[in-house]
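Hi,

Here is the structure I promised to pass on. My notes on it follow below.

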Amino acid sequence: MSVQEQKLARLTAAGRFDLCSPGECMRLLSAAASINYSRRAGGCGRMLKVLLHGTCSYDCAYCSVRLQRERLAFTPEELAGTFLALWREGLVGGLFLSSGIAGDVDIAMHDIVETGEILRRRGYDGYLHLKILPGSTRADIRDAARVADRISINLEATSPDRLGCVAGVKDYRQDILKRQAWVAEEKPGGHTTQIVVGAADETDAEILSCLADQYRRVRPSRVYFSAFRALAGTPLASHPDTPAWRARRWYQADYLLRDYAVTADELRAALGEGGFFANRDPKEVLFEDRGPVDVNLAPRSDLLRVPGIGPKGADRILALRRVRPFSGPADLARAGIRGRAAGRHLTFGGEKTVQTRLAF
Ligand code: SF4
């Protein structure tokens, strides 16, 4: 392996904890060397995710980059050249670029933007996602928004107090929320954020309040939820890991807010004791006690609230029933509604569906 490839492998491994993607894929990048990683086929597997600077002077207690003592960094020229070589070989299909903050945040952010500008000048027209660092200038955010398909700034925690527990150097209001408002103005509909679930011992009720505020104020196109994993050598090394299901439940809850017209107040009813979700689909929890929905008469909004029916399924039902009313469970399968959850909540012209008759 050449020196450049070794550096790429290490800075790719260091950057694996951020979530993002074109295609809204949530798979974490492999810690494997980028060359091996990029040989995987399709989807996120073709996106190179890498740090420009592999050291950081900030103190985020959950992060491994802060432990890195060896100064490991690409110049914008080096990274752009290395990426373009991989891209021209067809080994990678997109770039997610972030960075540790080795000293001055303006230098690190400027280098991120410059890398994007070099890539565009040299003809790269593929997917480019640039991370906005906390405390970045408005001018850098504007330039990043111009050059990238997507930009993102991570909340990491749900409030100033919670962030203070795990990343004391960052000022939640100034460094993150204020910058995120600029991000939203410069790249409306093209920005995302991430929350590290469980790192700061927040409840799900707090995450819900934070999300409601996000969708009201800055409208991120996606919020990513990363289940906290304790890393050896960090101050949170002995903090319990967040179970993967908790982040999964958050993706489900987030879909309800974004795509199912469920309000934050409604979703609060799915929280259990202490303000936490149980390990169950929040949609099932919310709607299990509702009366049955008539598949031939219900408006789209009611169909959407049936567990097992998503926006596409509801639209297919509406289209099919205009041609011929649904007469039984087999029609559901033809509409692409699979699984047993929907059957428990549907009637066909007044008759309660018998779940065991579903032909899935
Ligand atoms: S700012 Fe925090 S999370 Fe980001 S690289 Fe530095 S220590 Fe890690």
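Accessible areas here come from the Shrake-Rupley method with a 1.4 Å probe, and for residues only the protein chains shown count as cover. On that basis the protein has an accessible surface of about 15,700 Å², with 51% of this belonging to carbon and sulfur atoms.

Please keep in mind that this is a predicted model: local features need pLDDT of at least 70, side-chain atom pairs count only at pLDDT 80 or more, and totals for chains, interfaces and linings use all residues. Residues are numbered from 1 along each chain as its sequence is written, and side-chain values use heavy atoms, leaving out hydrogens and water.

Of the 360 residues, 54% count as buried (under 20% relative accessible area, 1.4 Å probe, protein chains only). The protein has 14 helices and nine strands (DSSP runs: H or I of at least four residues for helices, E of at least two for strands, numbered from the N terminus).

Leaving aside neighbours within four places in sequence, L267 is in contact (heavy atoms within 4.5 Å) with L208, A253, L256, L257, V262, F277, P282 and L286.

Best wishes

Conventions
Buried < 20%, exposed > 50% of the residue type's maximum accessible area, 1.4 Å probe, protein only.
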